[in-house]
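Have the sequence and the model open side by side as you read.

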Amino acid sequence: MEVVHISAECYPVAKAGGLGDVVGALPKYQNKAGIVAKVVMPMYRTPFLYSSSWVVDYKAKAFMGAWEFEYTIIKEANNKLGFDVYLVDIHGLLDRQKIYGYPDDTERFTAFQIAVVHWMSHWNHRPSVVHCHDYHAGLIPFMMQHCYDYQNLKEVPSVLTIHNAQYQGWMDWNKSTLIPRWDLSKKGLLDWGGSINPLAAAIKCARKVTTVSPSYMLELMHHANGLETLIASEKNKCVGILNGIDHEVWNPSTDNYLTEYFSVKTVTAGKQKNKQNICDQFGLDAAKPLFVFIGRLVGEKAADVLPGALHIAVQTYGAKASYVILGSGEPAVEAGLTNLALANNNCIKVSVGYNESLSHGLYAAADFLLMPSRVEPCGLNQLYAMRYGTVPMVRSTGGLQDTVIDMGDEGGYGIRFTHANETDIVQSIRRAVEVFENKKHLLWMRERMMQINHSWEQTVQSYTRVYDSI
Ligand code: ADP
Ligand code: GLC
């Protein structure tokens with residue numbers, strides 16, 4: 001079986017969040033399981049591009065509207081990732097520093113998808129499955145089926161994985177000419193609510209739709225940023241499959257970003273050494289419980305509630321605990337957190353930006369990881385935290401609900417709360433501070449969660465069943 005993953009991100013080539021982690025790991029473990037899985041993604045100017053060797057695989061010209069553009073497909077030469085990764089180079093359009101956030105993102109990702117379909121239609125064989133991730137690859141199932149130039153891909157089955165339905169790639173209908181000549185009678189497949197909606201188009205056209213946790217699948221029928229009725233009507237082809245984590249990358253016994261390796265047997269001393277290092281770096285007291293937040297500072301993650309909640313927590317518990325926040329996002333949230341840290345310099349620290357190495361250090365050093373997310377399709381942070389013996393504090397939603405059992409329930413090892421508000425967060429911090437004092441219970445929870453198996457091996461089987469079904 002040959003599976004072609006199409007994605008905007010893939011770690012370590014380019015990553016902005018969990019999508020990158022998943023697309024960097026799933027194909028690797030699929031290959032180990034005997035599936036020929038490969039990844040096709042845009043060529044951005046990332047450090048991985050410059051530190052790797054590439055060979056040109058294909059070069060051609062295609063049209064986006066009236067604009068004829070040249071694209072080059074390059075392939076990583078040394079199988080560095082454990083699967084073949086192909087980059088689509090479209091000069092001037094994709095080859096930029098950042099993955100997202102440009103005014104012409106619509107044109108960038110549309111051209112990317114046109115190049116991918118154009119290239120695949122010139123292969124001398126057909127792949128078994130085309131697996132599209134999120135809206136950046138959402139037009140592909142439609143294009144394979146309804147663009148006149150790609151009719152030789154019509155019968156190739158496609159799967160859509162929704163990592164996050166908040167982002168749908170809406171395009172004004174006046175951009176419909178960007179899509180290569182298509183069967184106009186199929187207009188309804190592109191449209192949702194009066195605009196071209198690539199995510200909705202993929203939900204309609206893909207043979208199967210997966211979401212990254214079972215709970216998120218159910219949630220989408222009621223909260224899907226406008227797609228609720230569509231998801232509900234297509235529910236028979238939808239399935240929720242929980243993400244795995246790459247145990248080779250996220251392993252405290254071998255993680256080179258850590259100051260001290262540790263395992264279940266050495267978790268107390270190992271975490272303390274890592275904590276000491278982080279606390280020295282930030283000027284914090286390593287004897288106090290350390291709470292961290294790592295992630296995009298956006299409404300979905302309820303990052304806007306953090307400044308208020310931490311302000312109350314500091315007033316309530318004084319200097320009993322320390323907090324480190326790593327992330328970037330909405331300027332108002334960044335400013336709110338930075339000001340809070342300035343006012344409470346002895347116990348709150350904020351690092352604005354993206355820092356892969358610091359993130360690993362924080363998972364290892366922290367006692368608690370805070371994730372009050374309003375929306376969390378799966379969430380990988382809590383899985384990494386648990387693997388590093390850090391107690392997750394999560395709002396009961398999506399994948400957080402599927403992966404964390406509250407410590408008050410039988411066998412529980414985490415802290416769950418209901419609302420993404422100050423009261424619930426402060427209340428959870430109180431519970432955390434209490435359990436921090438109970439070293440025996442804390443150790444039991446750490447040992448328990450470090451041994452939970454969230455490996456990709458089992459998730460790969462679920463995807464194989466989806467492919468087999470189509
Ligand atoms: P999402 O994809 O919605 O942002 P996930 O929990 O699935 O959330 O994955 C987030 C991934 O991005 C994790 O690997 C996390 O460690 C990483 N991450 C998020 N923000 C940062 C940051 N500022 N610096 C380093 N890594 C980050
Ligand atoms: C998205 C979701 C996140 C999920 C990730 C990987 O970014 O927001 O919850 O873990 O995709 O599937």
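What follows covers a ligand site and a pocket.

## Ground rules

This is a predicted model, where local features need pLDDT of at least 70, side-chain atom pairs count only at pLDDT 80 or more, and totals for chains, interfaces and linings use all residues. Residues are numbered from 1 along each chain as its sequence is written, chains are lettered from A and ligands numbered from 1 in the order written, and side-chain values use heavy atoms, with hydrogens and water left out.

## Around ligand 2

Ligand 2 has 13 residues around it, with His163, Asn243, Glu376, Cys378 and Gly379 coming nearest (near means a heavy atom within 4 Å). The shell splits into 6 nonpolar, 5 polar and 2 charged residues, with Gly counted as polar and Cys as nonpolar. Both domain 1 (2-244 + 457-469) and domain 2 (267-450) supply at least three residues each.

Now the polar contacts (N or O pairs within 3.5 Å). Oxygen atoms of ligand 2 lie 2.7 Å from a side-chain N or O atom of His163, 2.8 Å from a polar side-chain atom of Asn243 and 3.3 Å from one of Asn164. Taken alone, ligand 2 exposes 310 Å², and the protein buries 91% of that (Shrake-Rupley method, 1.4 Å probe).

## The second largest pocket

The second largest pocket has a volume of about 220 Å³. A pocket here is an open set of points on a 1 Å grid where a 1.4 Å probe fits, with protein on both sides within 12 Å along at least five of seven lines; lining residues have an atom within 4 Å of a point.

Its lining has 17 residues, and Tyr11, Gly24, Lys28, Asp246 and Val249 lie nearest the centre. Helix H1 (residues 18-32) gives the largest share, 5 residues (a helix being a DSSP run, H or I, of at least four residues). By class, the lining has 11 nonpolar, 2 polar and 4 charged residues.

Conventions. A polar contact is a pair of N or O atoms within 3.5 Å; within protein, one must be able to donate a hydrogen and the other to accept it, and residues adjacent in sequence count only if both atoms are side-chain atoms. Domain bounds come from an automatic or database domain assignment. Grid points are joined across faces, edges and corners, and a volume is the space filled by probe spheres set on the points. Helices (H or I, at least four residues) and strands (E, at least two) are DSSP runs, numbered from the N terminus.
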